[in-house]
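Subject: Structure handover

Hello,

Here is the structure for you to look over. My notes on what was found follow below it.

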Amino acid sequence: MAVLNAKDLTLQYDQRRVVEGLTAEIPEGRVTMIVGANACGKSTLLRGLSRLLKPAAGTVTLDGKDIHSLPARELARTLGLLPQHPTAPDGITVRDLVGRGRYPHQGFFRSWSEKDDAAVQRALEATETLELAGRNVDELSGGQRQRVWIAMALAQETDVLLLDEPTTYLDLAHQVEVLDLVTDLNRQRGTTVAIVLHDLNLAARYADHVIALKGGRIVAEGGASDVITEQLVLDVFGLDSRVLPDPVSGTPLIIPIGRHHAVPESAAEAGADSDAAAGAPAGAEPGTTEGTTEGGTFPKAVTTTLELAS
């Protein structure tokens, strides 16, 4: 297990500051989701936490040591990063790319071993890329390529894993599978995980801890139910929404409100009136009781319309 902290961290590109004076601790042995609007500093923060970007001010420490003082191989044995847009060498096969995740475990007195073969095999199987092992990476679809990169990160077997938009290019089923896989890794190995994710609903479902960024600063952090509220969605994303309990997980479920396809308030109020009338005793006014279809229970007028349509 390893503890990753940032203190008074300022990150910039040339003279443009993206993250300023940020202090955060990535909770040990938990899954942290970093959320926020585009260009708020999420990916830049991961680059700073992984030593890809040198701070303009402040420090990042791993187990109390400044990460910029650690030898590269030692750091890579403890901390792994999957960036947003990784690049593979031309002509490299899937198995060889995943095998590069084992590079930090090699050395002058340790060559490739059966342990490395086993780690690569586990990573390929876990990401459902075993059947792609002999193919060139540049022949793959975007979704397949993303799963291969995730396999490489898993093969590295680090105590801390940072993932920048790992569900990019993936269909919904594989998005859920990847996040389930990361959760398994966390639960079974105790891996500390930090993920930048745009999908707020998936972030809320899979997070033990949420960090919300705006303008390069943390505006809220904590459990998903405490952080992800209608007010936060408005403040951070500029979006009106309704936040309800997810019927599957009980975590916050964000329903965005756009300019179109929203039920008018008058219709919603009429529906509420119909719901109230549905409990009326025998002899109530005609047309105010409820009817039932295979899809559920509707006000009588709606049920009649559905029957006529069928």
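A place to begin is Leu 9, whose bridge partner in β2 is Leu 22. Please keep in mind that this is a predicted model.

The side chain of Glu 20 meets that of Arg 217 at 3.8 Å, N to O. This pair links distant parts of the chain, since Glu 20 sits in strand β2 and Arg 217 in strand β10 (residues 217-222), 197 residues apart. Over the whole structure, the search finds 8 salt bridges.

The sheet

Strand β10 belongs to an open sheet of 6 strands, ordered β6-β7-β8-β3-β9-β10, in which the pairing is mixed. At the edges are β6 (79-82) and β10, each of which pairs on one side only. From one strand to the next, the twist averages 15 degrees.

Within this order, strand β3 (residues 31-36) pairs with strand β9 (residues 209-214) in the parallel sense, over 5 bridges. Ile 34 has Ile 211 as its bridge partner in β9. Helix α5 packs on the sheet and touches β6 and β7 (160-164). The direction of α5 makes about 175 degrees with that of β6. Another helix, α6 (residues 172-189), lies across β3, β7 and β8 (192-196) and runs at about 155 degrees to β8.

The helix pair

Helix α5 (residues 142-156) also meets helix α4 (residues 114-126): their axes come within 8 Å and cross at roughly 140 degrees. The crossing is right-handed.

Which residues make the contact between these helices? On α4 they are Ala 119, Ala 123 and Ala 126, and on α5 they are Ala 151, Leu 154 and Ala 155. By class, the residues of this contact divide into 6 nonpolar, no polar and no charged.

Regards

Terms used: Residues numbered from 1 in each chain as written. Predicted model: local features only at pLDDT ≥ 70, side-chain atom pairs only at ≥ 80, totals over all residues. Heavy atoms only, no water. Axes fitted to C-alpha atoms, helices over the stretch in contact; angles between N-to-C directions. Helix = DSSP H or I, 4+ residues; strand = E, 2+ residues; numbered from the N terminus. Left-handed = near helix turned anticlockwise from the far one by under 90°. Contact = heavy atoms within 4.5 Å. Nonpolar A, V, L, I, M, F, W, Y, C, P; charged D, E, K, R; others polar. Pairing = 2+ DSSP bridges. Salt bridge = Lys/Arg side-chain N within 4 Å of Asp/Glu carboxyl O.
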